[in-house]
Amino acid sequence: MTGHRQAGGAEIDRYVAGFAINSVGTERSPLIVHVPHSSVWIPAGERSRMLLDDNELIAELNYMTDWFTDRLAVAAVESAGSSASVFTNLVSRLVVDPERL
């Protein structure tokens, strides 16, 4: 799997960037909405280093992922009638947690 479809339909290459920045709204805005934990993607090289078997990994991803927060962030900005840049991490927090660096 080389691409990831973000809210808004933009296709991005995960091997180029570990994040996506989607502009929401029609105006320029200094507002940045950070979505750190909505991804379940784990690069193959990182997966091979994990000690969990596939079932354990699925259970951990189900528990640790903030499901659909990427979509919620976009919808919140849109419903507020605002503009913002939505910065979404595309790598699972099991690989890197940007809030803990």
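Biologist: Which residues make up the largest nonpolar core?

Modeller: In this predicted model, the largest nonpolar core has seven residues: Val 24, Val 35, Ala 73, Val 74, Val 77, Ala 84 and Val 86. The elements that give two or more residues to this core are H3 and S5, and H3 supplies the largest share, three residues.

Biologist: What makes this set of residues a nonpolar core?

Modeller: A nonpolar core requires buried residues of listed types, Ala and Val among them, joined through side-chain atoms within 4.5 Å. The seven residues named are therefore counted as one such core.

Biologist: Why is Ser 39 called buried?

Modeller: Ser 39 has a relative accessible area of 6%. Buried means under 20%, so Ser 39 qualifies. Ser 39 belongs to the loop between strand S4 (32-35) and helix H1 (44-47).

Biologist: What lies 3.1 Å from a polar atom of the side chain of Ser 39, and what lies 2.5 Å from one?

Modeller: At 3.1 Å there is the backbone nitrogen of Trp 41. At 2.5 Å there is the backbone oxygen of Leu 90. The limit for a polar contact is 3.5 Å, and both distances are within it.

Biologist: How many aromatic pairs are there?

Modeller: The count is two aromatic pairs. One of them joins Phe 19 and Phe 87, with 5.0 Å centre to centre and 15 degrees between the planes. This pair links distant parts of the chain, since Phe 19 is in strand S3 (residues 19-24) and Phe 87 is in strand S5 (residues 84-89), 68 residues apart. The other pair is formed by Trp 67 and Phe 68, with 6.3 Å centre to centre and 50 degrees between the planes.

Biologist: Why is the pair of Phe 19 and Phe 87 called stacked, and why is the pair of Trp 67 and Phe 68 called tilted?

Modeller: Centres must lie within 6.5 Å; planes under 30 degrees apart count as stacked, over 60 as edge-to-face and the rest as tilted. For Phe 19 and Phe 87, 15 degrees is under 30, so the pair is stacked. For Trp 67 and Phe 68, 50 degrees falls in the remaining range, so the pair is tilted.

Biologist: Why does Trp 67 count as partly exposed?

Modeller: The relative accessibility of Trp 67 is 40%. Trp 67 is located in the loop between helix H2 (54-64) and helix H3 (69-79). Together with Val 40, Phe 68 and Leu 72, Trp 67 makes a nonpolar surface patch of about 400 Å².

Biologist: What makes the pair of Arg 93 and Asp 66 a salt bridge?

Modeller: The side chains of Arg 93 and Asp 66 meet at 3.9 Å, N to O. This pair links distant parts of the chain: Arg 93 is in the segment after S5 and Asp 66 in the loop between H2 and H3, 27 residues apart.

Biologist: Is Arg 93 buried or exposed, and why?

Modeller: Arg 93 counts as buried at 19% relative accessibility, because buried means under 20%. Asp 66, at 33%, is partly exposed.

Biologist: How many salt bridges are counted?

Modeller: The count comes to four. Among them, Glu 46 pairs with Arg 49 at 3.3 Å, and Asp 54 pairs with Arg 47 at 2.8 Å. Arg 49, at 63%, counts as exposed, because exposed means over 50%.

Technical notes:
Residues numbered from 1 in each chain as written. Predicted model: local features only at pLDDT ≥ 70, side-chain atom pairs only at ≥ 80, totals over all residues. Heavy atoms only, no water. Helix = DSSP H or I, 4+ residues; strand = E, 2+ residues; numbered from the N terminus. Buried < 20%, exposed > 50% of the residue type's maximum accessible area, 1.4 Å probe, protein only. Polar contact = N/O pair within 3.5 Å; in protein donor to acceptor, adjacent residues only side chain to side chain. Patch = residues over 30% accessible without salt bridge, like charges linked within 9 Å, V, L, I, M, F, W, Y side chains within 5 Å. Areas by Shrake-Rupley, 256 points an atom, 1.4 Å probe, with all protein chains shown as cover. Phe/Tyr/Trp six-rings, centres within 6.5 Å; stacked < 30°, edge-to-face > 60°.
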